[in-house]
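The tour goes stop by stop.

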Amino acid sequence: MAVAFIVPDSYADLPKEEQFSNVLTVPSLAALLSVFCYFMFFGSVWAFLEPLGAQYGIDGRTVGLIVSANLALQVLGAMTATVFEARIDYRFAIVAIGVVAVASSVVLAGSPGLTVFWVAALIMGFILLFIVPYQIRLAITADETRTAVLLVPAAQLFGLAIGPVAASLLIDGKDFRPVPEFAAASAAASVVLLGLFVLIARRRRAIA
């Protein structure tokens, strides 16, 4: 599994002093939890992609090929993000990608055929790293001291690690469809947390 932390040049001047008191605010926590939930979405599906495919009659060799192609799509997604990051508002990007993540997860939970399984898995690979610069922008907006952004990689890794564990608790025997269902809920939670962040930010501007 490949995870990249993309930091555009404009974000390079991060704070030298790591004072994490600024992270313990509702906007910062909402931003980091949004990142956490998004990576739970991917981590849960990715950990159980092979048994999920087997349940739909897709052999392990084919799933392995899908994994390899998915890694290439992750790189492509990261490269594409570097081109479009400055042109797309981070809120729109996170919501749009969240909707795609939910849709892809729902597709995988619906007993798809081989072609649809391929497409859904590749889309997930592309959006995995495409969203990262926008999540960084979210964290920077949440905390102007840029302290919260230092915890974005941790939120990503915790999401990737905890997602499979949480999803495994929902598996009933040999039925792995609860895994993409959990992934869909995680992706939706990521968007909801973004909405919470936007709502709080607007209220603070109104008060100011």
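**Stop 1**

Select Arg-177: at 32% relative accessibility it counts as partly exposed (buried means under 20% relative accessible area, exposed over 50%, partly exposed in between, with a 1.4 Å probe and protein chains only). The term salt bridge stands for a side-chain nitrogen of Lys or Arg within 4 Å of a carboxyl oxygen of Asp or Glu.

A note on what you are viewing: this is a predicted model, in which local features need pLDDT of at least 70 and side-chain atom pairs count only at pLDDT 80 or more, while totals for chains, interfaces and linings use all residues. Residues are numbered from 1 along each chain as its sequence is written, and side-chain values use heavy atoms, with hydrogens and water left out.

**Stop 2: the Asp-89 salt bridge**

How many salt bridges does a search of the whole structure find? It finds two. Select Asp-89 and Arg-91 for this one: their closest N and O atoms are 2.9 Å apart. Asp-89 is partly exposed at 34%. Arg-91 is partly exposed at 33%.

**Stop 3: the whole chain**

Zoom out and switch to cartoon. The protein chain has eight helices and zero strands. Along the sequence the pattern reads α-α-α-α-α-α-α-α. Helices (H or I, at least four residues) and strands (E, at least two) are DSSP runs, numbered from the N terminus. Colour by burial next: buried residues make up 46% of the 208 residues.

**Stop 4: the largest pocket**

Select Thr-141, Ala-142, Phe-197, Ala-201 and Arg-205. Of the 14 residues that line the largest pocket, these are the closest to its centre. About 310 Å³ of space lies in this pocket. On a 1 Å grid over the protein atoms alone, a pocket is an open set of points where a 1.4 Å probe fits, with protein on both sides within 12 Å along at least five of seven lines; lining residues have an atom within 4 Å of a point. Points are joined across faces, edges and corners, and the volume is the space filled by probe spheres set on them.

Which elements give two or more residues to the lining? They are α4 (90–108), α6 (132–142) and α8 (178–207). The largest share, six residues, comes from α8.

**Stop 5: a nonpolar patch**

Select Leu-24, Leu-29 and Leu-33. Together they make a nonpolar surface patch of about 300 Å². Such a patch joins nonpolar side chains (Val, Leu, Ile, Met, Phe, Trp, Tyr) within 5 Å, from residues with over 30% relative accessible area and no salt bridge. Areas come from the Shrake-Rupley method with a 1.4 Å probe. Leu-24 lies in the segment before α1 (26–47). Leu-24 counts as exposed, at 68%.

**Stop 6: Thr-80**

Jump to Thr-80 in helix α3 (residues 60–84). Is Thr-80 buried or exposed? Thr-80 is buried, at 18%.

**Stop 7: two positive phi angles**

Finish in the loops. Ser-111 sits between α4 and α5 (114–130). Ser-111 is not a glycine, yet its phi is positive, about 55°. Ser-111 is partly exposed at 44%. Then pick Arg-146, in the loop between α6 and α7 (152–168). Its phi is near 65°, again positive in a residue other than glycine.

Technical notes: Patch = residues over 30% accessible without salt bridge, like charges linked within 9 Å, V, L, I, M, F, W, Y side chains within 5 Å.
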